[in-house]
Amino acid sequence: MAKTVLIVEDDRNIADLLRLYLEKEGYTVVIAPDGMRGVEQFRTVHPSLVLLDVMLPGLDGWGVCRAIRAESQTPIIMLTAKSETEDKVNGLKQGADDYITKPFEMKEVLARIEAVLRRRLEFDKLVIDMDAFELTVDGKKVPTPPKEMELLYHLASTPNRVYTRNQLLDEVWGFDYFGDTRTVDVHIKRLREKLEGVSDQWDLKTVWSVGYKFEVK
């Protein structure tokens, strides 16, 4: 399923250029020309990521960022014509995940978007945020130990791929880990207690005599 990027940008030429490149990369793009409509579109389309200009008519980028952060941890990348450190620091303080200074290269924008999205996985009623090490299940943050987060993230990063227990031990716990495969089983059991029955669109599945997979239906 294509990820949706909301572009909140009043310069139509910049917005159209971003749309062109993002759609070419397989993203679905929605454009809002001002801050108020940006917030409205955010609540309507529930994007995977927001590209947010700072200088907007009416409600500026900082205001939009605060409005989004009041109800969601959706990744936000700020677009600013200024390169002053104060602007960058302000953006991060308001809850932005990254910032890009205009004029920008499209390769940089695409790379930043991919980097931010890699740290956060979203499925129906499930958000795995590896920056904050937070698991959100059906809208509620669920306390989850780091190794459980890493295991779930590892499985969900490649949906429908089957991993053996030994592969998961090597890739999540590390080659120098001396425990046995029962460690994986225990962590899967704990994750299932948090996730089972939440959605019919995905499941943490056992592949008998092989291992586990995060199945997306």
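Which residues are linked with E9 in a network of salt bridges? Select E9, D53 and K102: these residues are linked in such a network. Keep in mind during the tour that this is a predicted model.

**The whole chain**

Zoom out and show the protein chain as a cartoon. There are eight helices and 12 strands to find. Taken along the principal axes, the C-alpha atoms fill a box of roughly 60 × 35 × 30 Å. The chain has 217 residues, and buried residues make up 45% of them.

**Strand β1**

Next, select residues 4–8, which form strand β1.

Is L6 buried or exposed? L6 counts as buried because its relative accessibility is 0%, and the cut-off for buried is under 20%. L6 and F42 are 36 residues apart in sequence, yet their C-alpha atoms are 7.1 Å apart in space.

Move to T4, also found in strand β1. T4 has a relative accessible area of 16% and is buried. Draw a distance from T4 to D129: the two C-alpha atoms are separated by 17 Å, and the residues lie 125 apart along the chain.

Select the loop between β3 (49–53) and α3 (61–69), and find L56 in it. L56 is buried, with a relative accessible area of 9%. Along the chain L56 and V8 are 48 residues apart, while 8.3 Å separates their C-alpha atoms.

**A patch on the surface**

Switch to a surface view and select L17, L20 and Y21. Together they make a nonpolar surface patch of about 270 Å². L17 counts as partly exposed because its relative accessibility is 37%, which falls between the cut-offs of 20% and 50%.

**The largest pocket**

Now select E122, F123, D124, L126 and V127. Of the 36 residues that line the largest pocket, these lie nearest its centre. The volume of this pocket is about 1,000 Å³. To see the elements that give two or more residues to the lining, colour α2 (35–45), β6 (120–123), β7 (126–129), β8 (134–137), β9 (140–142) and α6 (146–157). Which of the elements gives the most to the lining? The answer is β6, with four residues.

Colouring the lining by residue type gives another view. The lining divides into 13 nonpolar, 10 polar and 13 charged residues.

**Salt bridges**

Return to the side chains. How many salt bridges does a search of the whole structure find? The search finds 18.

- Select K141 and E134. They form a salt bridge in which the closest N and O atoms are 4.0 Å apart. K141 counts as exposed, at 51% relative accessibility, whereas E134 is partly exposed, with a relative accessible area of 27%.

- Select E148 and K194. This is a salt bridge too, with the closest N and O atoms 2.9 Å apart. E148 lies in helix α6 and K194 in helix α8 (residues 182–195), so the pair ties together parts that are 46 residues apart in sequence. E148 is buried, with a relative accessible area of 2%.

- Select D185 and R165. Their side chains meet in a salt bridge, at 2.7 Å from N to O. The pair links distant parts of the chain, since D185 is in helix α8 and R165 in helix α7 (residues 165–173), 20 residues apart. D185 counts as partly exposed at 26% relative accessibility, and R165 is partly exposed with a relative accessible area of 21%.

**Last stop**

To finish, show helix α8, residues 182–195, on its own. Which of the residues already visited are in it? K194 is there, paired with E148 of helix α6, and D185 is there, linked to R165 of helix α7.

Methods: Residues numbered from 1 in each chain as written. Predicted model: local features only at pLDDT ≥ 70, side-chain atom pairs only at ≥ 80, totals over all residues. Heavy atoms only, no water. Patch = residues over 30% accessible without salt bridge, like charges linked within 9 Å, V, L, I, M, F, W, Y side chains within 5 Å. Areas by Shrake-Rupley, 256 points an atom, 1.4 Å probe, with all protein chains shown as cover. Buried < 20%, exposed > 50% of the residue type's maximum accessible area, 1.4 Å probe, protein only. 1 Å grid on protein atoms, 1.4 Å probe; cavity = no way out; pocket = protein on both sides within 12 Å on 5 of 7 lines; lining within 4 Å. Points joined across faces, edges and corners; volume = space filled by probe spheres on them. Nonpolar A, V, L, I, M, F, W, Y, C, P; charged D, E, K, R; others polar.
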